[in-house]
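Please look at the sequence and the 3D structure shown here, and keep both in view as you read the report below.

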Amino acid sequence: MGVGILGTGHYAPDNIVTNKDLEKIVDTTDEWIKSRTGIEERRIAKDDEDSSDMAYKAALQALESANVSAEEIDLILVATVTPDTPFPSVACMIQDRLGADNAAALDVGAACAGFMYALITGQQYVETGSYEKVLIVGVDKLSKIIDWTDRNTCVLLGDGAGAAVLGQVSEGKGILSFELGAKGAGGQHLYQDEHDHLVMNGREVFKFAVRQMPESSIKVIEKAGLEKEDVDYLVPHQANIRIMDAARQRLGIEDDKMAKVIQKYGNNSSASVPIALSESVKQGKINDGDIVVLVGFGGGLTWGAVALKWGK
Ligand code: ACO
């Protein structure tokens with residue numbers, strides 16, 4: 001028996017904010033944003049739409065695609081750094097809305113690597129036989145903590161949610177290997193300040209990410225007993241197209257074998273990898289038996305990578 005992803009879903013708010021829109025509020029240009037980051041537009045939630053609302057919609061879609069009912073879920077793990085409130089958790093909020101009456105529920109905070117942390121935490125429960133079905137959601141409403149006067153950060157980020165249902169799959173399929181890591185000493189490069197604003201030293205985070213993403217990917221490929229050439233599809237954290245391309249090139253993966261949604265969503269933090277994964281599945285880019293690598297990094301500093309064989 002393996003532990004794998006039975007279904008995926010995602011949700012992003014309707015409200016589109018383009019680079020041209022941002023030109024009106026900070027000293028930036030569409031050309032700068034596109035060429036330095038790959039981002040063309042992002043989704044920004046309205047005031048009355050919070051993380052739990054987005055998480056709920058993504059979760060519903062994941063349950064439907066997995067053909068699993070809310071009552072069957074044993075555990076809900078929500079990766080987020082922007083919960084509606086510190087407590088109750090987003091996980092508890094969506095447990096109620098979904099009617100997942102048999103599920104334990106908690107939030108997990110590892111910034112942009114949060115989905116990988118939640119995925120692997122969930123995997124452990126299924127692998128040990130403690131639980132059968134786990135709902136994993138990555139959600140962030142970063143617009144709540146963006147300093148809209150800071151051009152270094154406000155052009156990069158967006159709101160959204162992605163979800164996956166974990167459960168048993170046939171032998172040889174599912175999660176093959178993982179790597180999770182943290183370097184608290186780098187915490188000052190990306191954090192929430194006393195005004196609740198996201199603050200980032202872009203150059204330091206860039207240097208860290210451009211090294212960490214390929215390193216972690218290669219580690220999980222090796223741990224799974226595979227070669228770089230065996231990888232069919234890469235789902236990286238969508239923070240900057242230049243970081244993504246550097247990782248892709250180190251792995252020798254062709255452009256069309258990498259999930260790329262950054263142009264329309266920007267960086268969705270905890271939601272970034274599951275949104276990219278869900279979109280790729282919907283577009284038929286990931287097929288049964290494919291070797292897929294998910295990899296992310298984020299504030300903390302944290303990172304995580306997973307190698308899996310797609311399918312049930
Ligand atoms: N528009 C125009 N100019 C800008 C903008 C902007 N939006 N933002 C920064 N600049 C300027 C800078 O002020 C700097 O000017 P200076 O040279 O006069 O000081 C110049 O552009 C170049 O700055 P760099 O930092 O060298 O630009 P770089 O090419 O590295 O791109 C960026 C900056 C996009 C932030 C890049 O460093 C990056 O992507 N870093 C990683 C970001 C990341 O991955 N963050 C993860 C966040 S995850 C989370 O937890 C939410």
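The report goes from the domains to the pocket, then to a pair of helices and some backbone details.

## Basis of the model

This is a predicted model, in which local features need pLDDT of at least 70 and side-chain atom pairs count only at pLDDT 80 or more, while totals for chains, interfaces and linings use all residues. Residues are numbered from 1 along each chain as its sequence is written, and side-chain values use heavy atoms, with hydrogens and water left out.

## Two domains

The protein is divided into domain 1 (2-169) and domain 2 (174-309), with bounds that come from an automatic or database domain assignment. Taken over C-alpha atoms, the centres of domain 1 and domain 2 are separated by 15 Å. Their contact (heavy atoms within 4.5 Å) takes 51 residues from domain 1 and 45 residues from domain 2.

## The largest pocket

A pocket is found on a 1 Å grid over the protein atoms alone, as an open set of points where a 1.4 Å probe fits, with protein on both sides within 12 Å along at least five of seven lines, and its lining residues have an atom within 4 Å of a point. The largest pocket has a volume of about 920 Å³, where volume is the space filled by probe spheres set on the points, which are joined across faces, edges and corners. Domain 1 and domain 2 both give residues to the lining of the largest pocket, so it lies between them.

The lining has 36 residues, of which Asn152, Thr153, Leu156, Met200 and Gly202 lie nearest the centre of the pocket. By class, the lining divides into 17 nonpolar, 14 polar and five charged residues (Ala, Val, Leu, Ile, Met, Phe, Trp, Tyr, Cys and Pro count as nonpolar, Asp, Glu, Lys and Arg as charged, and the others, Gly among them, as polar). The largest share, four residues, comes from helix 7, where helices (H or I, at least four residues) and strands (E, at least two) are DSSP runs numbered from the N terminus.

## Helix 7 and helix 8

Helix 7 and helix 8 pack at an angle of about 35°, with their axes 9 Å apart; axes are lines fitted to C-alpha atoms over the stretch in contact, and angles run from 0 to 180 degrees between N-to-C directions. Residues in this contact include Phe206 and Ile221 in helix 7, and Arg242 and Leu251 in helix 8.

## Backbone details

The peptide bond from Phe87 to Pro88 is cis, with omega near 0°, and Pro88 lies in the loop between strand 4 (75-79) and helix 4 (90-98).
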